[in-house]
Amino acid sequence: MLIDLHVHTTLGSTDSNLRPEALAREAARAGLDAVCVTEHSGTWTDSQLEEVTNDSVKIFRGREIETEMGHVLAIGMPGFPNGMHKIKQLAKYCEETGAALVAAHPFRHHMNPPAGQSCLLTRSRNLFSTDPTVLASELPDLSLFHAIEAYNGANTSVDNGIAAQVSEILGMPTTGGSDAHSIEGLGSCVTQVDGDPRSTDELVDVIRAGAVVGMARNSETPS
Ligand SMILES: [Zn+2]
Ligand SMILES: [Zn+2]
């Protein structure tokens with residue numbers, strides 16, 4: 001099954017102009033079997049999900065959380081207790097509740113950062129090496145995740161490349177997601193998952209089992 005595992009809509013991301021009612025239709029047009037909405041403001045409710053669900057494409061739900069070490073996709077996480085910006089606390093809560101945790105675009109702006117931008121993950125550790133072996137060994141917190149988003153449609157291919165190499169060195173599964181905030185780019189990066197998960201809970205099991213592989217589907221990723 002091909003899933004775009006990182007999508008924002010107007011329902012929970014003020015920086016998106018992708019309307020939720022257009023999501024399933026546009027995802028089908030992009031050749032996807034499923035999408036996972038990962039809003040900034042929280043996880044969709046049951047009724048929000050039911051309203052936009054149709055037969056053509058499955059819609060799963062997670063959320064994107066800002067943490068001290070950058071953005072994180074949490075899927076299947078109930079509620080939102082205090083302290084979730086602390087990665088160890090977040091990982092502990094996800095273990096207790098059986099949720100799946102993916103490091104979102106972990107090396108965004110690490111290579112050739114634009115003016116005024118930097119990579120939170122590596123900057124927080126004063127780590128400026130471009131050697132994936134060094135990055136893998138100096139970032140032990142990456143082992144707190146079930147997978148690494150090595151294919152992010154809003155990243156440069158160079159930053160994605162570092163993430164893919166670090167994932168390989170660590171022997172960690174990868175995911176892909178467009179990070180689309182409009183219909184543009186939806187499905188540009190995807191996650192191939194084993195089997196046919198029918199619910200978010202089943203998707204969580206697949207991710208936690210590591211049965212996921214990320215990939216880019218076109219050459220439009222900015223370089
Ligand atoms: Zn993000
Ligand atoms: Zn995002």
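Let's start with strand β2, where both faces are covered: Ala34, Cys36 and Thr38 are buried on one side, and Val35, Val37 and Glu39 are buried on the other. By buried I mean that 20 or more other C-beta atoms, placed from the backbone, lie within 10 Å of the residue's own; exposed means 12 or fewer, and partly exposed is in between. Strands (E, at least two residues) and helices (H or I, at least four) are DSSP runs, numbered from the N terminus. In a regular strand the side chains alternate between the two faces of the sheet. Six of the six residues of β2, residues 34–39, are buried, so the strand is largely enclosed by the rest of the structure.

A quick word on what you're looking at: this is a predicted model, where local features need pLDDT of at least 70 and side-chain atom pairs count only at pLDDT 80 or more, while totals for chains, interfaces and linings use all residues. Residues are numbered from 1 along each chain as its sequence is written, and chains are lettered from A and ligands numbered from 1 in the order in which they are written.

So what are the neighbours of β2? Strand β1, residues 2–7, runs parallel to β2 and is joined to it by three bridges; two strands pair if DSSP finds at least two bridges between them. Ile3 has Ala34 as its bridge partner in β2. Strand β3, residues 58–67, also pairs with β2 in the parallel sense, over six bridges, and there Thr38 stands opposite Gly62. The chain gets from β2 to β3 through helix α2, residues 46–52, in a right-handed β-α-β crossover. Right-handed means that, with the strands pointing away from the viewer, the path from the first strand over the helix to the second runs clockwise. Another right-handed β-α-β unit is made by β1, helix α1 (residues 20–29) and β2.

Zooming out, nine strands form an open sheet with mixed pairing, in the order β7-β6-β5-β4-β3-β2-β1-β8-β9. β7 (174–177) and β9 (212–216) stand at the edges with a single partner strand each, so one side of each has no neighbour in the sheet.

Now helix α3. Which of its residues are buried? Ile87, Leu90, Ala91, Tyr93 and Cys94 are. Seen down the helix axis, the buried residues of α3 fall within an arc of 160° (taken from the directions from the axis to the C-beta atoms), so they line one face of the helix. On the other side of α3, Glu95 and Glu96 are exposed. Just after α3, Gly98 takes a positive phi of about 75°.

Last, the core. The largest nonpolar core has 62 residues, and Val35, Cys36, Ala74, Ile75, Leu101, Val102 and Ile207 touch the most other members. Such a core is a set of buried Ala, Val, Leu, Ile, Met, Phe, Trp, Tyr and Cys residues joined through C-beta atoms within 7 Å. Helix α3, residues 87–97, gives the largest share of this core, five residues. In helix α7, residues 200–208, the buried residues include Leu203, Val204 and Ile207.
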